[in-house]
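Colleague: I've got a model open and I'd like to learn how to read it piece by piece. Could you walk me through it?

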Amino acid sequence: MRQWLFLSVIASLVAGPVIKPVTYAADVKTATPIKHIVIIFGENRSFDHYFGVYPNALNPKGEPQFHALPNTPTVNGLSNGLLNRNPNLNPLNGTGAANPFRFDRSQANTVDMNHGYTAEQMAFDAGLMDLFPANTGSAGPPPSAPPAVVLTNGQVMGYFDGNTVTAMWNYAQHFVLNDNSYGTDFGPSTVGAINLISGQTNGVVKITGGTGALVGDGNGGWTVIGDPDPYGDVCSGPAEPNGEGSTVQMGGRNIGDLLNAAGVTWGWFAGGFNLSIVNPDGSTQCARQSTSPIVGTQTDYVPHHTPFQYYASTANPTHIRPTSVQTIGHQGDAANHEYDINDFFAAVSAGNFPAVSFLKAIAIQDAHPANSDPIDEQHFVVRVANFLQAQPEWPNTALVILYDDSDGWYDHQLGPIVNTSATAADALTGPGQCGTGATALPGVNPATTHAQGRCGHGPRQPLLVISPWAKHNFVDSTLTDQTSVIRFIEDNWLGGQRIGQGSYDAIANSISTMFDFQQVISNDLYLLDEETGEPVGTGGPL
């Protein structure tokens with residue numbers, strides 16, 4: 001089930017009539033040597049959950065090994081005090097009170113934690129970071145004990161090391177890791193996904209069903225704080241049984257709108273988006289599914305993980321196929337920049353490499369606990385990284401890995417609160433409070449001068465950059481959030497243009513500090529094994 005359906009994808013693309021794409025400059029001017037950025041947007045992992053003890057792995061016999069190179073930097077992670085006398089021993093956590101503990105590689109499949117907007121704020125407890133089991137913890141199995149705490153809400157205190165998230169640790173050591181990056185706001189997947197492309201979760205313009213995933217913005221409008229499905233997507237609603245009973249459409253602009261206006265090629269490539277493919281088990285359409293020996297069988301496509309579907313200007317609600325491989329990424333084609341993940345590999349292999357590509361794996365490989373796991377995630381990430389390094393464009397390419405939310409997993413670091421909120425859903429500094437909300441950023445509607453429901457920054461999450469131009473064996477501590485990626489895109493391709501309308505991109509730092517554009521690049525290929533995450537090849541001319 002791990003095999004990519006390249007032949008069927010290419011056949012389905014070539015079968016259609018060929019149209020001439022709109023004209024784009026042969027070499028779009030960029031502010032840096034980066035001509036192609038590829039963003040893997042993973043699911044539901046906190047920084048301490050993946051990197052809290054980096055670079056020190058336990059290295060038990062029989063597991064992939066990780067031994068740090070000399071002078072490998074440390075991170076703002078789990079100190080001896082946090083490991084042995086953690087504030088989450090707070091008795092208010094009940095039987096889930098626990099110190100952080102290591103998940104063995106055999107325990108990669110965990111349950112899903114509570115990562116709601118309110119629950120996460122309550123876990124943070126005004127910055128004490130001491131009520132995670134009580135508010136975001138979920139009990140197993142899976143995984144099975146030991147330690148016994150995995151059978152309680154204290155499972156939320158678990159972390160992986162370089163024997164399970166081996167590829168991530170190897171990429172961090174060879175390239176660059178940021179240990180000061182946060183969810184733009186508190187909340188689950190849809191919140192993070194929309195922030196990644198627009199930095200603005202306020203401005204809902206259409207709603208079907210209930211409003212349980214929304215909160216009033218203080219001016220008669222709505223802000224997304226949960227996981228509604230995208231309005232009009234044929235796979236929304238009953239096709240996604242874990243949805244929150246509603247669909248929404250967003251107003252305002254996103255980064256795709258800005259890229260279209262500038263003639264820059266781009267695309268969102270989602271696992272399971274091509275409804276015409278029939279998987280080996282016979283599943284197809286919105287019910288396409290794949291099977292992992294670790295997490296079992298899961299539906300490939302998740303509508304609320306596909307943020308451009310929430311905007312009328314960038315949606316492809318019926319999942320129309322691109323006319324040809326050559327039109328992928330180009331403005332004017334019926335697919336409207338929304339593609340299947342296999343289309344990315346097909347387009348790049350055909351010499352049509354979009355400038356900006358967002359990748360979302362099929363569900364078993366997207367890292368989300370309960371439907372994915374770090375090892376299945378590793379298969380996807382390594383496959384992408386190895387594939388990109390085989391391309392002639394690699395010397396001018398950057399691969400960015402970041403996550404939509406923390407899943408509620410424990411992280412000890414309170415992020416800076418740069419945007420306040422006061423709604424019934426807020427709870428960071430008291431009931432109904434994340435500060436006062438009086439200085440909140442604006443909403444999409446010009447009348448909404450302080451849009452509520454966007455308390456942030458939220459939990460800390462991993463952020464990696466893999467590129468010949470990345471700093472090497474380096475930990476960057478520049479404050480970043482999910483919109484730092486679109487800030488870099490805006491600065492590199494759009495001359496510093498901003499989305500506006502209250503977007504966080506106006507106040508975010510760029511990820512540019514993770515690069516060194518003065519270095520001489522050569523022989524910088526770094527290939528890993530998909531299953532183990534260990535190096536299988538380095539060097540080779542660029």
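Predicted model: local features only at pLDDT ≥ 70, side-chain atom pairs only at ≥ 80, totals over all residues.

Colleague: Tyr-171 belongs to helix H6, I see. How many residues of H6 are buried?

Modeller: Eight of the nine residues in H6 (residues 166-174) are buried, so the helix is largely enclosed by the rest of the structure. They are Thr-166, Ala-167, Met-168, Trp-169, Asn-170, Tyr-171, Ala-172 and Gln-173.

Colleague: What should I expect of a helix in general?

Modeller: An α-helix has 3.6 residues a turn, so residues three or four places apart point the same way. Now try helix H8 (residues 255-262): six of its eight residues are buried, so H8 too is largely enclosed by the rest of the structure. The buried ones are Ile-255, Gly-256, Asp-257, Leu-258, Leu-259 and Asn-260.

Colleague: And what do the buried residues of H8 pack against?

Modeller: They pack against H7, E11, E15 and helix H11 (483-493). Have a look at the ends of H8 as well. At its start, a side-chain oxygen of Asn-254 comes to within 2.7 Å of the backbone nitrogen of Gly-256. Just after H8, Gly-263 has a positive phi of about 70°.

Colleague: Which residue follows helix H4, and what is its phi?

Modeller: That's Asp-125, with a positive phi near 50°. In H4 (residues 117-124), six of the eight residues are buried, so this helix is also largely enclosed by the rest of the structure. Its buried residues, among them Tyr-117 and Phe-124, pack against helix H5 (132-135).

Colleague: On to sheets. What is the order of the eight strands in the open sheet?

Modeller: Strands of a sheet pair through backbone hydrogen bonds, either parallel or antiparallel. In this open sheet of eight strands the order is E14-E11-E15-E1-E16-E17-E4-E18, and the pairing is mixed. Strands E14 (338-340) and E18 (474-476) are at the edges with a single partner strand each, so one side of each has no neighbour in the sheet. From one strand to the next, the twist averages 20°.

Colleague: Where can I see the mixed pairing for myself?

Modeller: Follow strand E4 (residues 176-178). E4 runs parallel to E18, joined by three bridges, and antiparallel to E17, again with three bridges.

Colleague: Are the faces of strand E17 covered or uncovered?

Modeller: In a regular strand the side chains alternate between the two faces of the sheet. For E17 (residues 463-466), both faces are covered: Leu-463 and Val-465 on one side, and Leu-464 and Ile-466 on the other, are all buried.

Colleague: Which strands does helix H10 lie across?

Modeller: H10 (residues 374-389) lies across E1, E15 and E16, running at about 165° to E16.

Colleague: Last one: is Tyr-403 buried or exposed?

Modeller: Tyr-403, found in strand E16 (residues 397-403), counts as buried because its relative accessibility is 1%. Not counting residues up to four places away in sequence, Tyr-403 touches residues including Phe-41, Tyr-50, Met-168, Glu-377, Pro-462 and Gln-482. Met-168 takes you back to H6, where it is one of the buried residues. Tyr-403 and Tyr-182 are 221 residues apart along the chain, yet their C-alpha atoms are separated by 9.2 Å.

Note on methods:
Residues numbered from 1 in each chain as written. Heavy atoms only, no water. Helix = DSSP H or I, 4+ residues; strand = E, 2+ residues; numbered from the N terminus. Buried < 20%, exposed > 50% of the residue type's maximum accessible area, 1.4 Å probe, protein only. Contact = heavy atoms within 4.5 Å. Pairing = 2+ DSSP bridges. Axes fitted to C-alpha atoms, helices over the stretch in contact; angles between N-to-C directions. Polar contact = N/O pair within 3.5 Å; in protein donor to acceptor, adjacent residues only side chain to side chain.
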